[in-house]
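Please examine the sequence and the model displayed below.

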Amino acid sequence: MTDAPARLRATSTTLDDVAREAGVSLATASRVLNGSTRKVADSYRARVEDAAERLGYSANLSAQATARGTSATIALLVADIADPYFGELASGVARGAEEAGLVVTISITERDPEREVRLVRALRGQRPRGVILAASRTSREMAPELARELDLVTAAGGRVVALGAGIPDVRNVVIDNRGGAEALGAALAGRGYRNAVVLAAADGVVTSDVRLDGFTAGFTAGGGAAPRVYRGAFTRESGVELMDQALADGIEPGTVVFGISDVVAIGALSAVRAAGREVGADIALCGFDDIPTGRDVTPALTTVRVPLEEVGYAAFRAAVDDEWAQDADALRLEVLLRDSTPSRA
C-alpha cells in the first residue's frame, strides 16, 4: 500500500512540478528535459535532472520533438528480426543510441516494398532523428513512392541512412559484398574446388546478385567452372528447399555449395545430412556474414566475416553525426576458411 502514492505522484508529475522543485523557470526546465538545443548552465541542468529523478518525471516525447524539430528516436527498418544478420545490426544501432541517450524503434519490412513505404509514412509522424534502411533491396534504384516519403523525413529534420551503395540523396553505409564474395570464390578455387552450386535469393535482390557475381568471378578466375544457380530467399527454409532441389538434380562429391548467407547455408547443411550425405569431404559448404551459429555447427562453416555490429553502429553514427565519413577499415570483410570446406589441392 505504501508504494501507491509514489506511483500516483510519478505518473501525475508535470514539468511545472519539476521547475518548482528545482527552483528554476519553466522555460529552463523545458530546455533541459525536452531536448532543446539552447544551452543551459551545468548547475541548472543538474538541479533540474535531480528534481525530475526525485519526482519520477517522464519527459514528453511530443514536447521534445517540438523543441528539437525531431524526437529522440532512431527508426530502424529490417527485413526479418528473426534473422541473426539483422539482430546483430540492431545491436550496433542500439549501442550507438545508448551512448547518445536515444531510443531505437524497429520495424519489419518483410522485404515488401509497399510495406516499407507504409512503415516510413507512419514513422514520419514520430519525427525520428534518423531513419535507417537495413532491408535488402530488390532494385539498385529507390522506388519513387519510398523516395518521396524519405524526402519528407529529411524535410522535417530527420536524416536517412541506407545500407548499400548508390542510393541518391541519403547517406550510404557500404558493405563490400562483391569483393568479399570474390575473395571467397578465389579462396575455394585455391583449395582445389572446380565445381560449385550457389543457393541465391530471387533474381533482382541486390545483395544476393552482387554476392553471386563476385563469387562467380573469383571462382572462375581461379580455375573453377561457372556455378549452377538455384534461387529462393534469404531464409533457412529456402536453404533446405534449394539444397533438396540441387541434390535431386545430382551433386558430384567434391562440389562446393555457396549459401548466399549463413542462414541459407545452415539450412542447406540440414538438407545434406537428411539426404545421407556428409558436409565437408563429400559436399563442401560455405556461407556469408559469419553469424555466431555458423561457428557453432559441425563442421564449422566457412564464410565471409561481415562486422555486422560495427555496420549497425556506423549506420547510427551516419544518422546522427553532422560530419560523417565511413571508416573503411572498421567495416573490412574477411574470408574465414573452416572445416566445412577442407582442402582438395
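The model is a predicted one.

The sheet may be considered at the outset. It is open and consists of five strands, arranged in the order β2-β1-β3-β4-β5, with parallel pairing. Its edges are formed by β2, covering 103–108, and β5, covering 171–173, each of which pairs on one side only. On average, and with direction ignored, neighbouring strands of this sheet are turned by 20° against each other.

Strand β1, residues 73–78, runs parallel to β2 and is joined to it by six bridges. In this region Ala75 stands opposite Thr105, a residue of β2.

Attention now turns to the helices. Two packed helices are described by the angle between their axes and by the distance between those axes. For helix α7 (residues 113–124) and helix α8 (residues 144–155), the packing angle is about 15° and the axes lie 9 Å apart. Angles under 35 degrees count as roughly parallel, and α7 and α8 are therefore roughly parallel to each other. The crossing of α7 and α8 is left-handed.

Which residues of α7 and α8 make the contact? On the α7 side they are Glu116, Val117, Val120, Arg121 and Arg124. Helix α8 contributes Glu145, Leu146, Glu149, Leu150, Leu152 and Val153. Classified by residue type, the contact of α7 with α8 comprises six nonpolar and five charged residues, with no polar ones.

Conventions
Residues are numbered from 1 along each chain as its sequence is written. This is a predicted model: local features need pLDDT of at least 70, side-chain atom pairs count only at pLDDT 80 or more; totals for chains, interfaces and linings use all residues. Side-chain values use heavy atoms; hydrogens and water are left out. Two strands pair if DSSP finds at least two bridges between them. Helices (H or I, at least four residues) and strands (E, at least two) are DSSP runs, numbered from the N terminus. Axes are lines fitted to C-alpha atoms, for helices over the stretch in contact, and angles run from 0 to 180 degrees between N-to-C directions. Angles under 35 degrees count as roughly parallel, over 145 as roughly antiparallel, 65 to 115 as roughly perpendicular and the rest as oblique. A crossing is left-handed if the near helix is turned anticlockwise from the far one by less than a right angle, and right-handed if clockwise. Contact means heavy atoms within 4.5 Å. Ala, Val, Leu, Ile, Met, Phe, Trp, Tyr, Cys and Pro count as nonpolar, Asp, Glu, Lys and Arg as charged, and the others, Gly among them, as polar.
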